[in-house]
Each structure stands twice: as C-alpha cells, then as structure tokens.
Amino acid sequence: MAETEPGLETGGRGSPRARRGEDALVDNLDGIVWEADPSFRFVFVSKQAERLLGYPVERWLDEPDFWVEHLHPEDRDWASAYCLSAARQGRPHEFEYRMLAADGRTVWLRDIVTVQSEDGRALRLHGIMVDVTEQHSAQERLAQTVSLLEATLDSTTDGLLVVDRHGRITAHNRQFKRLWGLSELQGFVQDAAVLEAVREKVKDPEAFFARLQALHTAPAEESFDVIELRDGRLLERYSLPQWHRGTITGRVWSFRDVTERVRAERTQERLLGEAHEAIRVRDDFLSIAAHELKTPLTPLRLQLELMKRALKEKTGIPEERVDKAMAQVHRLTSLVNDLVDASSVEAGRLKLRRAPVPLLEVAREVCSDFRAISPDHDFACELSQEELVVMGDRGRLTQLLTSLMENALKYSPQGGTVRITLAHVDADALLAVADVGIGIPKEEQAHLFERFFRARNAPVSRYGGLGLGLYVCRDIVERHGGRIWVESEPGRGSTFYVSLPVLSPRARHEARP
C-alpha cells in the first residue's frame, strides 16, 4: 500500500467517525473517486474501482503506472499526455477514454479532474471516473442508423417527401427533386410552398389538390392514385400516415415514374422501414440525451453532499466546491435549454420579441462575460463602432452569439485566441466568431446546422453535447431574415459568420415606441 502524505488521514476531514461516514459516502457513489500525485501514482481510490473494473484497490495504489498500463492501447498515449499537460498547467479538465477491465471488457470512462497547485506547481490531482460505456454504444447505434437512413432515402428510385402534422418538411431525397424538376428544396420549409411550385407541372391541378384536401380531413387514410403531368409523364402517387405509439405524427409521400415499373409493394416496404428507422433514430437520441443529462449529476451530488457535511460539522464551505457544483448546474441547464429550444424549432414555436437591437451592445456584453469566465482563452473583440441596429429579439441574438462562443471554446480545448468581429457589409451587419481549434472537414460543413449532426472529427467521447446548438442558431438567424455559414479547415480552426439586415435610420425611427 502506498504511503500517504502526513496529515492526509485527518487534515480537514473531521473526526474518525465522520471520516468513516465520508468514506462510506464516497464508496457508494456511482463513480470512482480518486486522488493521485502529478505522475498519476494513486494515493486514494474508492471501492467502486473494484466493482467497476475488477482490479483490487491495492493494485491501483501499489503499482506506480497502473492507470497508464491499463488504458486502452488506442487511448494510452493521448490520454496520459492530455492529463499530464493539463496538470502542468494547473487547470481542471474533463475527458473520456477507455480502460481495460480485469475480465477483458472495454469500459468507457468520463474523468472529471481538478488540480491542487501551489506556486504554479501541481501538487495533487483529484477526480471522479464515471462509466459512460452505454452512452457510447448508443451513440454508435445512432450514427449507424442515421447513415443507413440517409443512404436508403437517396438510393431509392422513388421520389420521397416526409412532412409532419403541421406540413413542415422533415425529409426528402434527390429522386423527388428530379421527378418534379426542382433544383433545390433548401428554401422550402412547408409543403405548401412545394405544392405551389409543382402546380403548373400537373395536367389536372384541380383533381390533384382535391385529393390532398381529402387527406387533410381524414389524416388516417392511405392514398394511391396516378398523376398525369403536362410533359406527358405519369407518376404513381402513394401516401400514408406516419404513426408513433398510436398517434399520427406526419405523412409520407412517394412518387414513382410508371415507365420504370417499380412495384408498389416495394415502395410500401421501404417507406415502412424508413418510418421505423426514423423512430429508432429518435429513441437512440433520447438515450444519448439521458446519459448526457445524467453525467453532471454524479459530481454535483458529491459536491452537495460534501457541502451538507461541512454545514453539519460547521467547518465552512470552500468557494471552490460551490463553483464546481454551479458548473455542473450550468451544464445541466445548457443541455435542457438545448432540448427545449430544439423542440420549439421543430414545432415552429420558437418565440421572438422583436424590437430594434444594437448589435454592438450585444457583442460587447457577450465578450465581457466570456473574458470573465474563460481565463484559458484570449479574446480579440474587433467591433465596428458604427451603430448597427437590427430588428429582432435581443435575448435570442445574445443566445446566438453565446452559443457560437461556447462552440469556439469547446472545440479549441488547448486554449488560443477566439476572435469576434462586427462590421457593416453592404446593407447587412456581419458578425464573425473565429477559433483556432480542431476545424471541420469540408465535406461535413454543409450538414453542420442539421439537427443531431456531429462532425466525425469531434466525437462525443471528447466533446460531449447533443448536436443541437447550431441547429437552433440557424433557426434564430433565419427568423431574423439573415443567414449563417462556416468556413473551416481541419487543424486550423473555424469561423462562423452571421449576416443580418441592418435597419435604416428611418426604419429605426419608425420602430421606436
């Protein structure tokens, strides 16, 4: 058994009876509580380590390189180097890696580490390891399901369109655009816009729209008919409602060129399969969300229990402990807000309270806030002093810029400069947030603002999150009549641009109450 430092057994931990109670609390937490020196030699490990990984606690304490030697071979170099670098900098850190259990299993762990330092030198590491293996399995299933669903949609020879109960387009494929001669559906949010675009292509538009109206009044019905187009083609149109747990959630439309002689039965099988895959995608996402929400609870519970004990023993509560608890509360709040906002966006219910908003004030406030809470990054705020006023919701615009700033910090974990610029370009205000982080592959940039999308070079194992922040940002920008895009190169960082229409002086005057 490794020797502990003088005073380790009693310093700040109360009476022997209180110490036994604290040990019982630590050993029953849903995670491995540990303490080590900067060379990763453990001086304390809770009993949860043996229950989770199968190795006796004594081995953790007696073997100097136990942790490094039992890391997964693919994680051994980067994980130890990352932790060593963070320890030398004296900064708390959180990361995920794999360890090999005694029975040969691979266990994913999320390690939340704090560093005890003195005069800039790390003295002791404290942390808690949480088992997130199930979360990683769910993430992998979700990625495979989404890939299969996308490939299936684009490989079918039928044109497919999926809408929800409010007529909002949720999915379509390339064949649908080809059959109807539509170059792009990016600007179509509601199916009504698509219907207007194809009206002139249908030989008998009255019958075409009459059948649609009949389905609106009887949403549970299936439909099959043949449509004649003005160019002489005949399309078979098949439609059925999409169900989930006894409730109609939308409608799936299929269009088939009769000359290709694709059998109607195959269409139905594919559509039903795609509906099931869509349900599975949602269920897997809920599983990931549940684990993301659970992860902050373990350290939060630990901090609250320790604070409760300190109050009972009247020993005082260190400010650092409160800060740790608040950090986990902030993380939970952020996750919940992402879920609520994404749900509102999907239902078209994200609310805006419009008024003239000076973007310069918003940018200054956000820059000031991040300088106060992010000491590991430098912030370069290059803001035009011109009065750039837009008509919009100040709270949502603050949320937009905050989300882009948080992304910049998250995807540049080693620090560096985050640059925020605001300028007047033509009739628009151009806002940009640039980082020097991991960057985004070019082939994935077009999907970056889609719901649940995660770039493959930013796995949840190291960067976490639900993949909803940029999806909500895009909706906020579009509701303000603007656009958002990204320019990025892997390994060299990313720059997110937001362009918003500026109010003219006359329009600002007319908008004043």
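1. Start with Leu 404. Leaving aside residues up to four places away in sequence, Leu 404 touches Val 433, Leu 470, Cys 473, Ile 484, Phe 496 and Val 498. Keep in mind that this is a predicted model.

2. Leu 404 belongs to the largest nonpolar core, which has 41 residues. Leu 400, Leu 404 and Met 405 have the most contacts inside this core. Several elements give two or more residues to the core. The helices are helix 13, helix 14 and helix 16 (469-479). The strands are strand 12 (377-383), strand 14 (416-425), strand 15 (428-434), strand 16 (483-488) and strand 17 (494-501).

3. Another core lies apart from the largest one. This other core has 31 residues, including Ala 36, Phe 42, Leu 71 and Ala 101.

4. How many cavities of 30 Å³ or more does a search of the whole structure find? The search finds four. The largest cavity has a volume of about 70 Å³.

5. Which residues line the largest cavity? They are Leu 359, Val 362, Ala 363, Leu 397, Leu 400, Leu 401, Leu 422, Leu 431 and Leu 500. The lining has nine nonpolar residues, no polar ones and no charged ones. Note Leu 400: this residue lines the largest cavity and is among those with the most contacts inside the largest core.

6. Now strand 12, where Cys 381 lies. Is Cys 381 buried, partly exposed or exposed? Cys 381 has a relative accessible area of 25%, so this residue counts as partly exposed. Beyond residues up to four places away in sequence, Cys 381 touches Cys 367, Arg 371 and Ile 420. Cys 381 and Arg 419 are 38 residues apart in sequence, yet their C-alpha atoms are 6.0 Å apart in space.

7. Last, Ser 223, which lies in strand 8 (residues 223-228). Why does Ser 223 count as buried? Because its relative accessibility is 4%, and buried means under 20%. The side chains of Ser 223 and Arg 211 are joined by a polar contact of 3.1 Å. Not counting residues up to four places away in sequence, Ser 223 touches Arg 211, Leu 215, Arg 237, Tyr 238 and Ser 239.

Conventions: Residues numbered from 1 in each chain as written. Predicted model: local features only at pLDDT ≥ 70, side-chain atom pairs only at ≥ 80, totals over all residues. Heavy atoms only, no water. 1 Å grid on protein atoms, 1.4 Å probe; cavity = no way out; pocket = protein on both sides within 12 Å on 5 of 7 lines; lining within 4 Å. Points joined across faces, edges and corners; volume = space filled by probe spheres on them. Nonpolar A, V, L, I, M, F, W, Y, C, P; charged D, E, K, R; others polar. Helix = DSSP H or I, 4+ residues; strand = E, 2+ residues; numbered from the N terminus. Buried < 20%, exposed > 50% of the residue type's maximum accessible area, 1.4 Å probe, protein only. Polar contact = N/O pair within 3.5 Å; in protein donor to acceptor, adjacent residues only side chain to side chain. Contact = heavy atoms within 4.5 Å. Core = buried A, V, L, I, M, F, W, Y, C linked by side-chain atoms within 4.5 Å.
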